[in-house]
Amino acid sequence: LQTGTNGEKNKIYVYNKTGLENLRNLVNGTIEGTLTVGIYEGNGTHSYESSAGGYSDFNAILLNDIVLDSTVEWTPIGTEDYPYIGTFDGNGKTVSGMNITQEANKVGFFYATNGATIKDLTIQGKIEFDGQLSYSYIGGFAGYSEETSYSNCINNVENTYSNYGNSYIGGLVGQIENCNFTNCINLAEISVSENVGGIVGIGEDNSSNQFEKCINLGSLIALKYAGGIIGYNSDCGYTIKNCLNLADIGNEDETANQLSGII
């Protein structure tokens, strides 16, 4: 884990699993003691302390594919107090082995994002648990995103969630508010009770969201409220251009209803 060339303190270079975990802890404000970080192409260092709070505005770039330990629970990047607000550049790399089994209100690689840019990233893994909370927002990339731009992102996080009602599951993001998606793909099968979309689960009321050149290739299995791009059609605006669903949507149960190719 290193900061940018010439000591750019707002840019983090991530080489491996430990570096990604350190970045996560910087954003979440959970550094234990002091973390000393080297300077990319330099000899200096910066020190960061947990007492300073979350560094949620860091811009990050992956320099390698990263394999997480699939036997260890992944703690998402960002928190309720510190949603991720920077630019996360996947640089065409893949983060694999993400495993989440502990339920929270927001679940994904990111807990929540606000004003962020997420690009050129593939995430592979599994989210699997029985729902107990009254509301949950679940996505391979993020549980909740506001004012966030996603481009060239691929979700391959399988999702199995058995709670009925009041939870919203998307291939990429559970719930969105004023977000843009361009060239995004869902590859993973998602098997849930209801409210599932290949790209997002639901949009926040009175928000405006855009989708362009997005594709769902993963089977969506639900009793109701399922769509290839968007799961539940809330009271918000969508602009959808050149998007495709090429996967099965349905359930062997004869009560399956309110399923759609796009929304």
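Helices (H or I, at least four residues) and strands (E, at least two) are DSSP runs, numbered from the N terminus. The model on screen is predicted, so local features need pLDDT of at least 70 and side-chain atom pairs count only at pLDDT 80 or more, while totals for chains, interfaces and linings use all residues. Residues are numbered from 1 along each chain as its sequence is written, and side-chain values use heavy atoms, with hydrogens and water left out.

Select Glu128 to begin, a residue found in strand S10 (residues 117-129). Glu128 has 40% relative accessibility and therefore counts as partly exposed, where buried means under 20% relative accessible area, exposed over 50%, and partly exposed in between (1.4 Å probe, protein chains only).

Next come the salt bridges, each a side-chain nitrogen of Lys or Arg within 4 Å of a carboxyl oxygen of Asp or Glu; the whole structure has 2 of them.

Select Glu21 and Lys17, whose closest N and O atoms are 3.3 Å apart, and which both lie in helix H1 (residues 17-28), 4 residues apart, about one turn of the helix.

Finally, select Glu80 and Lys106, whose closest N and O atoms are 3.2 Å apart in a salt bridge. Glu80 lies in the loop between strand S6 (66-67) and strand S7 (87-100) and Lys106 in strand S8 (residues 106-107), so this pair ties together parts that are 26 residues apart in sequence. Glu80 is exposed, at 51% relative accessible area, whereas Lys106, at 13% relative accessibility, counts as buried.
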